[in-house]
Amino acid sequence: MSTDPLVIFTPSGKRGRFAVGTPVLTAARQLGVDLDSVCGGRGICSKCQITPSYGDFPKHGLHVAETALSEWNAVEQRYDDKRGLKPGRRLGCQATVQGDVVIDVPPESQVHRQVVRKAASARVIEMDPATRLYYVEVLEPDMHEPTGDLERVARALKEQWGIDDVQASFAVIPGLQKVLRKGDWKITVALHTADGAAPRITAVWPGLHEAGIFGLAIDLGSTTIAAHLTNLETGEVKASSGIMNPQIRFGEDLMSRVSYAMMNPGGDVEMTRAVREALDALTREIAAEAGIDTGLILETVFVCNPVMHHLLLGIDPVELGQAPFALATSDALNLTAVELGLAALPASAQIYILPCIAGHVGADAAAVALSEEPGKSEDLVLVVDVGTNAEILLGDKTRVLACSSPTGPAFEGAQISSGQRAAPGAIEAIRIDPITKDPRFRVIGCDKWSDEDGFWEETAQTGITGICGSGIIEAVAEMRIAGLVDPSGLIGSAAQTGTERCIPEGRTHAYLIHDASAEGGPRITVTQGDIRAIQLAKSALYAGARLLMDERNVDKVDRVVLAGAFGAHISPLHAMVLGMIPDVPLDKVTSAGNAAGTGARIALCNVAARREVERVVGEITKVETAIEPRFQEHFVNANAIPHATDPFPELGKITQLPHVSFNTGGGDGEGGGRRRRRRG
């Protein structure tokens, strides 16, 4: 076994062993990691900046020592002196591998920046924002009536608008006098009114302010952070933008991050700092895109899962890693930007964080409930927010249930041999001919299929770089439809399947989708390990849904809503072939887009919706998958494709899955074949 150091790159998840002294840039290139370089490794362009992570990584079975990379050298020092490197950053062309190491490639160092597919869904929202503008004419100071400027502004608001008991954010007071005099005692006031609190002045402008006021609706996910910049007067979404969550380098899934906090003293502080810095960067980026000043962003609403909720607030998430999964607080929170340490927003900007439902069912699920309103449904609806951590709601007018299921990052292209995040060049859709067993595919950035004229010319710039989440789901489902994979998940050999695309790989087989290795490009396959990763993810999802169905004492649901940025890109047919979702007529499977983000926008634009979500959360029944005894049974049965015991009659009306079995009984062990024999 090789004793060379192990190098793991995030967010791609690519890994390999390299000799001591190998430059990080060289290791990245050999693994096909998306790390930019313009100067050819001379240390002058700085495009290859990376961030090494140190400490214990239980998920990888790795301890990264402070000496894992070579010492800071003269080239890096020269660059830092001239242009400055962010704390913790190294130049990939200069730092060399000295020991096992986990290396994060930040978005600005990636050649193909991720397309964070979280655009705002078109939605009619009744505007009733917490922050509104009021124009007032204020009495000038009078020596005979010694009152402060703020007190006279408050009096003007009472007399001219009937608003009592007005207070001001402290951050507004130092600039108030200049604004009053510049406006000749005529000013515009931004007033924030939260439930049960006194109206609070959060900003002032001289004269009539006509440049608008704005708010951010932020879906803070485990993998991606999506923000929608919204006009608080009109509800119009001025810009939507997203970035990767930099906490990925501490662990791709939530429990890995909890573990990182447990194993590394101060790890929670490190993760809080990382996410707040990313939020500041995203705020500046989205404001620049919309051409507005960040000083006009007076409100932000957050939705997030419980671990992200705690790390955003600066709370150690350790309690969420063990029963009874106690939250530090589950109620909705009203804070200010300065309290949350968000420097890109005005200090007086108001923050609203939606309530969490339970220890593993967060404010993101609450936002989905607000957006999709399962409690108002006449029929029984299953809402699935697909992500690294899936949020599942089942309900109708009588009762709503919720749970969270740890699907992991496989659905987002991580832990997949040729997997990658959604970026130009990634395969996002695939079809396999059931006769020839040959694939045709579509990639992000090109509307054509690979067998259409012009496809190869249009993709020459990006190349075919890998396969993203929606692509791997379709690939595995298509392999099942084409008879390349049996119900247990085992890939057949070339002799068994009749195609040379099924190639041996150790004791198992892989299916070859695209091979550009002759031109120095990637060889994209679906391996037995990839099938297993998808089986584990989809089994967790289906088992969570089945637990909720058990609680309602039903065997089927009336309709399914796929939510989440990723849910919007999943083909319902392929999701059902895989057994990700229960069997329903295909026309009863719909996409809600980024429902959590929509819920955040509703709460941003309508103060009554905040009261509504706080009420609804109190009425939702929480089901804890981690301690439910039947979860394991459902999980094992859901390993089969589509399922070991549940019939899929609606699926059978559309497609007949081949009856194939590739387990010859010879010690193969992969793919779940043996497990099916034990069940008899």
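Buried residues are taken as those under 20% relative accessible area, exposed ones as over 50% and partly exposed ones as in between (1.4 Å probe, protein chains only). The model is predicted, and local features need pLDDT of at least 70, side-chain atom pairs count only at pLDDT 80 or more, and totals for chains, interfaces and linings use all residues. Residues are numbered from 1 along each chain as its sequence is written, and side-chain values use heavy atoms, with hydrogens and water left out.

Helices (H or I, at least four residues) and strands (E, at least two) are DSSP runs numbered from the N terminus. In helix 5, the buried residues are L254, S256, R257, V258, S259, Y260 and A261. Helix 5 (residues 254-263) is largely enclosed by the rest of the structure, because 7 of its 10 residues are buried. The cover over these buried residues includes strand 4 (55-57), helix 6 (267-290) and helix 7 (306-313), where contact means heavy atoms within 4.5 Å.

A nonpolar core is a set of buried Ala, Val, Leu, Ile, Met, Phe, Trp, Tyr and Cys residues joined through side-chain atoms within 4.5 Å. The largest has 114 residues, of which F9, I225, F302 and L354 touch the most other members. Among the residues touched by L354 are V301, F302, A332, A603 and V613, not counting residues up to four places away in sequence. A second, separate core of 69 residues includes V384, C446, I581 and L657.

Strands are paired if DSSP finds at least two bridges between them. Strand 8 pairs with strand 10 (residues 186-192) in the antiparallel sense over 7 bridges, and V136 stands opposite I187.

Strand 21 (residues 426-432) is largely enclosed by the rest of the structure, because 6 of its 7 residues are buried. Strand 21 runs antiparallel to strand 22 (residues 439-443), joined by 5 bridges, and A429 has R442 as its bridge partner. The two strands form a hairpin with 6 residues between them, and K437 in the turn has a positive phi of about 70°. With strand 23 (residues 466-467), strand 21 pairs in the parallel sense over 2 bridges.
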